[in-house]
Amino acid sequence: MRDVARLAGVSHQTVSRVLNGHASVSDSTRERVELAIAQLGYRRNVSARALITKRTNTLGVVSVSAQQYGPASTLSAISHAARQAGYFVSVVALDVVDRSSMRAAIDHLMAAAVDGVVVIAPVRAAVEAVAGLPGPVPLVMVEAQDGEQSVPGIDQAGGARAATRHLLELGHSTVVHIRGPLDWFEADARANGWLSELTAARAPVPQVLVGDWSSRSGYEAGRRILEQPHVTAVFAANDQMALGVLHALDEAGRSVPGDISVVGFDDLPESEFFHPPLTTVRQDFAEVGRRCITEIIARIDGTCPSPTGLIDPELIVRSSTAAPR
C-alpha cells in the first residue's frame, strides 16, 4: 500500500480510503491511485486485513433446492446484493436436507471464517435442520416461515389471491388450483391465498391437485382437468406446471384461453414466449436479495434494520386468460 501511495503521490491513508470506497476522495486523486494500483499489480492481503478488522467480508450461503427457479433466483439476487455491499459469497448447495447435512454445511462455512450465514430455506426440513444449531456467527433464513431468524420475503398468498381474483373478475365461476409440493412453504402460502380468494368471493372450492413444480406434473394435472368438462380456469402454482397444463390442453385440442384460461406464478424469462404467452405473477427477487443482505449485515454490525413487511408481487396479464365463453 505504501508503494502505491509513493507512486500516486498520496498518503497510504488515502490509498486505504480509495480501496474502501470512501466518498471523501476526489475523482482526480482516486484515478491516480487506481492507476498506480494497476501499474504495480497491487492486491489487498485479505488475510492480513481480517486479522486487523476481525472480518473477512465474506458471507456464507446454504442453498436448499437450488435447482428450482425460486431458490436459484433468490441465490442470484443475494449474491448480487452482497457484491454491491462489498462482500464476497461462499455457497454450499444441498440436494438432501437433514440436520447432519445442514450442520456439515454450516461447519464448512465457519471453517472459511465467514462473517454471517444466509440459509435459503423454502422447505420445512431446512428450518427444522437449522433449529437449535449453535450460532457462532449471525444467521438468517429467507423463503422460510416467520421467526426471529427469518427475513420477510414476497407475499406469496397475496400473489395467489391476485391471480385467483383476476380469473374470477373475468367471469369464471371458480378456479382449479395445481399446488406445489406439500413440504414447501411457498406452495402452502399460494394454496392458502387461492382458497382465501375463492372463500371471499363465495365461489365453489374445487379439489386441489398436487404437483412437484415440474412441467411433467403440470401435464399430468392437465390430463386430469380434461376429465372435468366444466373447468374454465386454472391457477398453477408455478410457470413450469402451467407449461405442462398448456401442453396437455393443446394435445387434446382445447383452446387457451378460449376453452380454459391458465395463470402461472414466477414469471419465468420464457413465460412471455409460451403459446399463448402466460399470465403469471412476477416476484421481485432483487428486492429479496437486498433485504436479506441488509438484514445479515445489520446483525453482523450488532444493529437492527428498520422493520419491513412482505414484498408485493405483480400480476402480469398476457393472453392465456380471457372471459369464459
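Student: How do helix 2 and helix 3 sit relative to each other, parallel or perpendicular?
Tutor: In this predicted model, helix 2 and helix 3 are roughly perpendicular to each other. Their axes cross at roughly 90° and come within 10 Å. Helix 2 covers residues 12–19, and helix 3 covers residues 27–40.

Student: Okay, which residues make the contact?
Tutor: Helix 2 brings Thr14, Val15, Val18 and Leu19. From helix 3 come Thr29, Arg30, Val33, Glu34 and Ile37.

Student: And how many of those are nonpolar, polar or charged?
Tutor: The contact of helix 2 with helix 3 has 5 nonpolar, 2 polar and 2 charged residues.

Student: Switching topic: what's the strand order in the open sheet?
Tutor: That sheet has 4 strands in the order 6-5-7-8, and the pairing is parallel.

Student: Which strands stand at the edges?
Tutor: Those are strand 6 (209–210) and strand 8 (261–263). Each has a single partner strand, so one side of each has no neighbour in the sheet.

Student: What about strand 5 and strand 7, over how many bridges do they pair?
Tutor: Strand 5 (residues 176–179) and strand 7 (residues 233–236) pair over 3 bridges, in the parallel sense. To find one of the partners in your view, look at Val176: its bridge partner in strand 7 is Val234.

Student: Nice. Which strands does helix 8 touch?
Tutor: Helix 8 (residues 156–169) packs on the sheet and touches strand 7 and strand 8. Its direction makes about 170° with that of strand 7.

Student: And where does helix 11 lie?
Tutor: Helix 11 (residues 239–251) lies across strand 5, strand 7 and strand 8. It runs at about 160° to strand 8.

Key
Residues are numbered from 1 along each chain as its sequence is written. This is a predicted model: local features need pLDDT of at least 70, side-chain atom pairs count only at pLDDT 80 or more; totals for chains, interfaces and linings use all residues. Side-chain values use heavy atoms; hydrogens and water are left out. Two strands pair if DSSP finds at least two bridges between them. Helices (H or I, at least four residues) and strands (E, at least two) are DSSP runs, numbered from the N terminus. Contact means heavy atoms within 4.5 Å. Axes are lines fitted to C-alpha atoms, for helices over the stretch in contact, and angles run from 0 to 180 degrees between N-to-C directions. Angles under 35 degrees count as roughly parallel, over 145 as roughly antiparallel, 65 to 115 as roughly perpendicular and the rest as oblique. Ala, Val, Leu, Ile, Met, Phe, Trp, Tyr, Cys and Pro count as nonpolar, Asp, Glu, Lys and Arg as charged, and the others, Gly among them, as polar.
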